[in-house]
Amino acid sequence: MTDLFPPNLSDRPAAPVPHAPALDISCRYCGSRPAVDVTFKRHTGMFIMRQTVTYPGPFCRDCGLSVFRSATAHTVGVGWAGLLSLFIFPFVVLGNLLSRRKLTGLAEPTPPVDAPVRPAQPGKPVLLRPLAYVLLVPILILGLGAWAAAKDTAENQVGRCVIVLTDTDVDIVDCTQRHDGVIVSVVDRDASCPASAIGEIERMSGDLNRDGGKKLCVGEG
């Protein structure tokens with residue numbers, strides 16, 4: 001009879017069998033398994049003061065997602081409010097994102113039979129929570145301020161009209177309103193306006209020239 005196996009096979013040592021990692025930790029909030037030991041943080045900026053709350057694990061998948069989404073939305077929404085917080089909150093968000101990656105490979109949580117607490121509901125994703133968009137308010141304000149400043153250059157005043165308020169004060173107005181002249185050109189502070197100009201305006205902020213050392217030439221109109 002022909003042997004189906006090579007001789008002395010039974011004498012060879014068995015190859016080691018890889019073992020799956022032991023599920024030796026459970027979620028500290030609901031007791032479910034599997035769980036992973038990660039930490040999430042929530043940062044609150046309070047202009048002068050600041051507060052960081054730490055949520056230590058282990059977490060099952062659902063409890064971890066619930067804490068991640070709540071803490072991260074809060075941090076994005078109000079974690080920036082403060083000079084130091086402005087630099088701290090991005091690192092808190094990044095740390096939460098790195099911790100969340102460890103949750104994504106976990107299976108659906110299995111709570112103990114007699115568990116008094118069920119796994120938490122993860123809730124809405126971060127970007128579907130209104131609090132996450134509070135950050136857009138200061139960004140929008142800064143953006144509008146930058147846009148207004150960009151439009152308020154000396155060159156952009158050409159074609160607009162002026163009204164004389166006092167001997168030393170004038171105001172730039174829309175030409176549909178009552179006015180005393182039209183801005184016809186812009187020249188350097190030390191240069192002369194065209195001969196046809198009836199006046200010149202130098203816009204000041206305190207003792208500083210607002211237009212980078214330029215002045216506005218006013219003609220009839």
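The chain holds three helices and nine strands, taken as DSSP runs numbered from the N terminus (helices H or I, at least four residues; strands E, at least two). Residues are numbered from 1 along each chain as its sequence is written. Local features need pLDDT of at least 70, side-chain atom pairs count only at pLDDT 80 or more, totals for chains, interfaces and linings use all residues, and side-chain values use heavy atoms, without hydrogens and water.

**Fold**
- Along the sequence the pattern reads β-β-α-α-α-β-β-β-β-β-β-β.
- Of the 221 residues, 33% are buried (under 20% relative accessible area, 1.4 Å probe, protein chains only).

**Confidence**
- Average pLDDT (the predictor's confidence in each residue, from 0 to 100) is 83, and 89% of the residues score at least 70.
- Residues 1-10 stay under 50.
- Residues 12-22 also stay under 50.
- Where pLDDT is low, predicted coordinates should not be read in detail.

**Helix pair H1 and H2**
- H1 (residues 61-78) and H2 (residues 85-103) pack at about 165 degrees, with axes 10 Å apart.
- Axes are lines fitted to C-alpha atoms over the stretch in contact, and angles run from 0 to 180 degrees between N-to-C directions.
- The two helices are therefore roughly antiparallel (over 145 degrees).
- Contact (heavy atoms within 4.5 Å) involves, among others, Leu65, Phe68 and Val76 of H1 and Phe89, Val92 and Leu97 of H2.

Definitions and conventions. Angles under 35 degrees count as roughly parallel, over 145 as roughly antiparallel, 65 to 115 as roughly perpendicular and the rest as oblique. Buried means under 20% relative accessible area, exposed over 50%, partly exposed in between (1.4 Å probe, protein chains only).
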